[in-house]
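Okay, everyone, let's talk about aromatic rings today. Have a look at this one with me.

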Amino acid sequence: MTARGQEQRGGVVLIVLVVLALGSWWALELAHSVRVEQAGSAWLRDRAGATALAEAGIATGRAAFERAAPERLHLSRFAAQQAQGGAAVPGYTTGALHVTIQDETGKFPLNALARLRAQEVREASGLAGVFVRLVRLAAQEAGRPLSPAQARRILGRMRDWMDADDAACMAGGGGGQAEHFGTAPGGSRAPNRPLRTLGEALMMPVGPGLTVGDVLPPAEARRLLTVEDTGGRININTAPREVVMALVTAPERGEAFWRAVETGRRNARRSRVPGWHLHPGGPGGASFAAVVVRCVDVRARVAVVDAEARCGRVTRRMRMAVRRVGGGPSQVVWSQVWTGQREGTNAA
């Protein structure tokens with residue numbers, strides 16, 4: 001073979017190698033793209049399934065809230081349910097749905113304190129007295145006992161934080177709001193508006209270097225208190241033990257009242273009647289009419305529906321606060337949505 005032929009043969013080999021290298025690179029890139037698209041498609045499929053399941057859970061919770069008898073609603077006992085995605089969402093073979101409903105009307109309505117008169121706060125009467133007794137009882141059970149004066153001081157500062165003026169209404173103490181909350185351009189640091197979140201209430205200063213969260217553990221606060229607008233009413237059918245006991249102006253009768261209410265709740269027909277708690281044992285039984293504060297209701301007005309759905313690798317959680325208005329459909333107060341993966345990454 002001539003030198004020219006050998007050069008041509010070497011050039012062909014080089015061209016073939018370059019073509020093979022380019023072909024291999026293209027094939028690997030194509031395989032990678034396919035894998036990325038498969039993973040993305042699977043995530044989108046799981047996200048769509050989880051979203052559909054969560055929305056179905058929210059709709060189920062709202063329907064249960066609207067269907068339940070307005071006089072009696074044990075929503076806190078609403079059973080968690082598991083649903084196969086194939087049955088709930090056509091085209092999806094795996095999925096789990098967990099729905100809970102919490103009646104906020106059974107908790108103490110913090111924002112109702114802003115509507116109290118200054119005299120009620122100073123004397124700790126009516127709804128103000130319920131708050132003082134509840135805070136003392138919860139703090140004592142948490143191992144952080146409070147004196148009546150300390151509890152009234154918390155009440156006064158809570159009211160000052162929410163009322164529409166900068167005049168102090170301090171039970172057990174005097175001075176303006178700026179003295180207790182500090183000064184800021186334009187006056188007091190108190191926002192003078194209703195509480196928006198329970199966390200805001202827990203961060204409220206009640207003393208030098210002391211906040212409400214230091215006195216009342218956050219877990220207990222979430223169980224006993226609410227910032228939702230319940231009309232200043234407390235549902236006797238779903239209120240926890242501490243709230244029920246705080247309704248009694250005679251603390252020595254609080255435990256007896258709780259036991260009577262706990263027993264009376266089992267009578268579904270009787271507990272639908274407004275005022276049944278005043279004679280929870282029925283005619284001839286012990287009467288609590290003279291010692292129970294008149295802020296009690298027998299229906300749920302506001303509830304929080306929580307739906308958590310899992311489909312494949314995706315978890316979708318939705319929370320919605322709904323308010324009952326007359327006999328019509330419930331109204332949405334607020335809603336929140338979370339999306340996450342099993343690995344722990346989250347995106348709103």
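Phe257 comes out at 0% relative accessibility, so Phe257 counts as buried (that's under 20% relative accessible area, with exposed over 50% and partly exposed in between, using a 1.4 Å probe and protein chains only). Phe288, at 4%, counts as buried too.

Quick note on where this comes from: it's a predicted model, where local features need pLDDT of at least 70, side-chain atom pairs count only at pLDDT 80 or more, and totals for chains, interfaces and linings use all residues. Residues are numbered from 1 along each chain as its sequence is written, and side-chain values use heavy atoms, with hydrogens and water left out.

Now, how many aromatic pairs are there? The count comes to 2, where rings of Phe, Tyr and Trp (its six-membered ring) pair if their centres lie within 6.5 Å, and planes under 30 degrees apart are stacked, over 60 edge-to-face, the rest tilted.

Take Phe108 and Phe131: they're a tilted pair, 5.5 Å centre to centre with 45 degrees between the planes. Phe108 is in strand S2 and Phe131 in helix H4, so this pair ties together parts 23 residues apart in sequence. (Helices, H or I, of at least four residues and strands, E, of at least two are DSSP runs, numbered from the N terminus.) Both Phe108 and Phe131 are buried.

Back to Phe257 and Phe288: their ring centres are 5.0 Å apart and the planes sit at 55 degrees, so that pair is tilted. Phe257 lies in helix H11 and Phe288 in the loop between H11 and strand S9, so parts 31 residues apart in sequence get tied together.
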